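Here's a quick tour of a two-chain model. Have the viewer open while you read.

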Amino acid sequence: MTEIYPTASLAAHAPSLSPGYRSTQKRAPLLPPIAIPAGAGELSGPILGHEAIRPGDDDLTKTADGKEAQGERIVVSGRVLDEDGRPVPDTLVEIWQANAAGRYIHAVDQHPAPLDPHFYGAGRVATDAQGRYRFTTIRPGAYPWRNHANAWRPAHIHFSLFGRSFLQRLVTQMYFPGDPLHALDPIMDSVTDAAARARMVARFDIDTTMPEWALGYVWDIVLRGRAATPMESGSHG
Amino acid sequence: MVERKILGITPSQTVGPFFHYCLVPAAYPYQAAVDAAIAGAGTAVEIVGTVLDGDGAPVGDAMLEFWQADAAGRYADAGPPANAPFRGFARVATDASGVFRLQTVKPGAAGANAPHIAVSVLGRGLLNRLYTRAYFAGEAANASDPVLALVPAARRSTLIATAEAPGRWRFDIRLQGEGETVFFAV
C-alpha cells in the first residue's frame, strides 16, 4: 500500500529556534527549509529490526553478570503506530536514559550524582507484528543542566525509532506523568501545541504493573504516515 | 466508507548530548545496532565534513545519519531482485572538532535524481532532525536533478560535496548563518 506523509502533521513539532532552550540559538537554521516532494530516497528506509537485538537488550535493570541496578523498577510498553493507527511492526526502538540518581554513564555527564555500576542505561528492541514494544528499566532521576539558573530536566527516557521509511525516523523523549518539572522545561515546552506535548507523557497503568515487581507505564508512539487510499470499511475501529 | 481517524504524531525532541553510549557506542562497551559505514560494490569514497554553528564554531556533539542508493541506484529495501547485502544506512558522530567521516560507496543515480546521499543531522540544540543531501561535484546529472532545481542557484553549492583528494569528498554543514546549508522539508 502506498504511503503518504501529510506535511500538515508536522505542525506538532517544535519550532527549530526555541530561544528558551539556549542551545537552539546558534544551531537552529534561520532560513526556512525548502519543500521537496518525497522521492524514492525518502519513501524507502533502512531495514533495522531483529538482527540488531541480543537477548537481554530489553532489560536495563541487570548487567550481563546478573547484578541488579539501584532504583525503582518499571516496565515501559506501548505500540508504535502510524497516523492511521496502523501498527509499525519489526522496527528498531532504541532507548537511553539517566540512572535513578539522574546520572548518565556518558563520559561528558559530570553531574555529581553517583554512577551505578550495575546500570548502563541503553536498550533496544524490535516491535512485534502488532507494533508492540516493551522494556524493563529503572525510573530515571531528574538532573540539573546549565540552560538557565536552577534548571532541571524532568525525568525522561530518550527514544529513537526508524519506522518503515526515511520520513518516519523519529528521535524523541518520553516523560512521566505528574512531574512538576514539565512546565519548567524549555525542551518539553518547545512543543507549543499542548495536545502534542501531552503525547510525550506516558501514563501509569495498573494492568501492566507487575505485582510485587515493577510499576507499569504505557506510551504509544505515533510516526508520520498514512495509507494513500482510504481503508476498507470495517478494517479500522 | 468509514471516516478516517487521524492520530496526532509524537513530537520530535532533541537527541541531547548523551546519546553516544547507546547510538554510536564505539568508545563504550556496547554493541552498535547500526552500521558506522556503508559497504557495497562500487567505488569506495570517504565523505568528510565539519558541522559548524551560527558562530562558525564546530559542533562537537552532533550525530549524522546517511541513507543512499547502491552504485546501481537501488535502495536497500526496494525488494526483489534484492541488492542484499547492501544496507545503505550508517550513522556517525562528530568528534570534538566537529568533524565527521563516512566510509561508503558512491551511489548511482536513482531515477531522475543525480547521485546523492541523504543526510540527517541530529544534536543538542536541534529539536528536529535536519535533512539535507550531499550531491557530488562534476556529475552531469546535477544539472537536471529535480530537487536541486528547487533550490535557489546561489545556495546550491551547500548541497554539493567537492573532491578533496582521490576518493575523498568534502561536505561541510553550516547549521546557521552565512553559507547556511540548505535543509529540506518533505
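What follows goes through the ground rules, each chain in turn, and then the interface.

## Ground rules

This is a predicted model, so to speak: local features need pLDDT of at least 70, side-chain atom pairs count only at pLDDT 80 or more, and totals for chains, interfaces and linings use all residues. Residues are numbered from 1 along each chain as its sequence is written, chains are lettered from A and ligands numbered from 1 in the order in which they are written, and side-chain values use heavy atoms, with hydrogens and water left out.

## Chain A

Chain A has three helices and 14 strands (DSSP runs numbered from the N terminus: H or I of at least four residues for helices, E of at least two for strands). Its radius of gyration is 19 Å, close to the 18 Å that the globule rule gives for 237 residues, so chain A is as compact as a globular protein of that length. That radius is taken over C-alpha atoms, and the rule is 2.2 Å times the number of residues to the power 0.38. The C-alpha box along the principal axes is roughly 50 × 40 × 30 Å.

Buried residues come to 54% of the 237 in chain A, where buried means under 20% relative accessible area (1.4 Å probe, protein chains only). Take contacts (heavy atoms within 4.5 Å) between residues at least 6 apart in sequence: in chain A, 71% of them join residues at least 24 apart.

## Chain B

Chain B comes to one helix and ten strands, and the order along the sequence is α-β-β-β-β-β-β-β-β-β-β. With a radius of gyration of 17 Å, close to the globule-rule value of 16 Å for 186 residues, chain B is as compact as a globular protein of that length. Its C-alpha trace spans about 55 × 40 × 40 Å along the principal axes.

Of the 186 residues in chain B, 56% are buried. Among its contacts between residues at least 6 apart in sequence, 68% join residues at least 24 apart.

## Where the chains meet

The area buried between them is about 7,000 Å², with carbon and sulfur atoms giving 59%; buried area here is the accessible area (1.4 Å probe) that the two parts lose on being put together, summed over both. On the chain B side, Ile9(B), Gln13(B) and Val186(B) lose the most area to chain A, together 12% of what that side buries.

Technical notes:
Buried < 20%, exposed > 50% of the residue type's maximum accessible area, 1.4 Å probe, protein only.
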